[in-house]
Amino acid sequence: MPEVTTPYVTGTPCWIDLMAQDQQAALDFYRDLFGWQGQVGPAEFGGYAVCQLNGRPAAGIGPATAPEGMPEPPTVWTSYLATTDAQATQDAIVSAGGTLLVPVMDVGSLGRMLVAADPQGAVFGVWQAVDFAGAGVVNEPGALIWNELHTDDIGAAGAFYGEAFGIEVVPVEGNDRYWELKVGGRPVGGASLLADDPPGTPAHWLCYFAVDDVDSAADTVVKRNGALLAPPFDMVAGRMAVVADPQGAPFAMIKPGPQ
C-alpha cells in the first residue's frame with residue numbers, strides 16, 4: 001500500500017533522512033526530482049524539514065551540524081529501523097557489538113531516536129514513534145521503496161540485526177550474492193556484498209526511491225550537477241540506477257518490473 005496507515009513493526013525501515021551542508025539546495029533538488037514539498041523547520045528542531053509527497057511525510061532533510069571541534073557529518077541518507085522501545089533496542093545494539101553514535105534521545109513529543117553503527121561499520125538510525133509514525137507514503141513514484149544493507153560479512157550482519165531487531169537475513173533462491181531482510185516472515189529490505197561495490201566503499205545502507213522513468217530521472221540528476229554512480233541498467237527487480245545528489249549523497253532509483 002502506498003499510504004502507510006498501520007504502525008511499523010520493530011526492525012522495519014520506517015524513515016530516512018539526509019543531513020545536508022546546504023539544506024535549502026537539497027530541498028530544491030529533491031523537490032525537482034521527486035516532487036517533494038518541504039521547507040526549513042522550526043528552530044527548536046534544528047530547522048529539520050519533513051518533506052511531503054502528496055500530503056504525506058516521505059523523508060527528512062536537515063542541516064548538517066556537528067559539536068564544536070568535531071568534523072561535519074558525511075552527507076548521506078540514513079535509514080531508520082522501527083522499534084517500540086528505543087532504550088531496550090539501544091541496549092541490544094551495544095550487547096550485539098554495535099557502536100552508539102547518537103545515544104537515545106527524545107525528539108519533542110514526536111518520538112525517540114538514536115543513531116548507531118553495526119559491527120561492520122554500516123550506520124543506521126532507530127525510531128520509536130510517539131506522535132510521528134515515520135514515512136506515511138512508500139512504494140510509489142517519488143517515495144522510498146527499498147532499503148539495502150551493503151556489508152562484507154553477511155553472517156555477522158545477520159547475527160547482529162537478528163539479536164538487535166529480530167531481523168532474519170535469508171538467502172534469495174537462485175542468487176548467491178543477495179539476501180532478503182525479513183521481519184515476521186515479510187521482506188522489508190535486502191542485503192548485498194561490498195565486493196560488488198567500487199573498491200574502498202565502506203559498509204552502508206542504501207535507500208531506493210521509486211520513479212516512473214529511471215533514465216529520465218538519472219538525466220535530471222546529472223543536469224542538476226549530481227553524479228551517475230551506476231548508469232541505468234535492467235535487473236531482476238526492474239530497471240535501476242545509482243546516483244549521488246549534488247552534495248554527494250548516494251541513493252538508488254528504480255522502476256519495478258511486473259510482479
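Predicted model: local features only at pLDDT ≥ 70, side-chain atom pairs only at ≥ 80, totals over all residues.
**Notebook: charges, cysteines and a nonpolar patch**

I looked up Arg56 and got a relative accessible area of 24%, so Arg56 goes down as partly exposed. My classes: buried is under 20% relative accessible area, exposed is over 50%, and partly exposed is in between, with a 1.4 Å probe and protein chains only. The areas themselves come from the Shrake-Rupley method with a 1.4 Å probe, and for residues only the protein chains shown count as cover.

Residues are numbered from 1 along each chain as its sequence is written, and side-chain values use heavy atoms, with hydrogens and water left out.

**Salt bridges**

I searched the whole structure for salt bridges and got 9. The criterion is a side-chain nitrogen of Lys or Arg within 4 Å of a carboxyl oxygen of Asp or Glu.

Which residue does Arg56 pair with in a salt bridge? The partner is Glu3, with the closest N and O atoms 3.7 Å apart. This pair links distant parts of the chain, 53 residues apart: Arg56 sits in strand β3 (residues 56–63) and Glu3 in the segment before β1 (13–20). Helices (H or I, at least four residues) and strands (E, at least two) are DSSP runs, numbered from the N terminus. I also checked the cover on Glu3, which is partly exposed at a relative accessible area of 43%.

Then I went to helix α1 (residues 23–34), which holds both Arg31 and Asp28, 3 residues apart or about one turn of the helix. Their side chains form a salt bridge at 3.3 Å, N to O. Arg31 has 37% relative accessibility, so I class Arg31 as partly exposed. Asp28 is partly exposed too, at 23%. Salt bridges with shared partners tie Asp28, Arg31, Asp32 and Arg224 into one network.

I logged another salt bridge between Arg112 and Asp106, with closest N and O atoms 2.7 Å apart. Arg112 comes out partly exposed at 24% relative accessibility.

I did find a polar contact of 3.0 Å between the side chains of Glu140 and Asn54. (A polar contact is a pair of N or O atoms within 3.5 Å; within protein, one must be able to donate a hydrogen and the other to accept it, and residues adjacent in sequence count only if both atoms are side-chain atoms.) Glu140 sits in the loop between β7 and β8 (144–151).

**Cysteines**

How many disulfides does the whole structure hold? I got 0, using a pair of cysteine sulfur atoms within 2.5 Å as the test. Cys14 is in no disulfide, and its nearest cysteine sulfur, that of Cys207, is 12 Å away. At 1% relative accessibility, Cys14 is buried, and Cys207 is buried at 1% as well.

**Nonpolar patch**

I finished on a nonpolar surface patch of about 290 Å², made by Leu101, Val102, Met105 and Val123. Patches take residues with over 30% relative accessible area and no salt bridge, joining like charges within 9 Å and nonpolar side chains (Val, Leu, Ile, Met, Phe, Trp, Tyr) within 5 Å. Strand β5 (residues 99–107) gives the largest share, 3 residues. Val123 belongs to strand β7 (residues 123–129) and is partly exposed at 35%.
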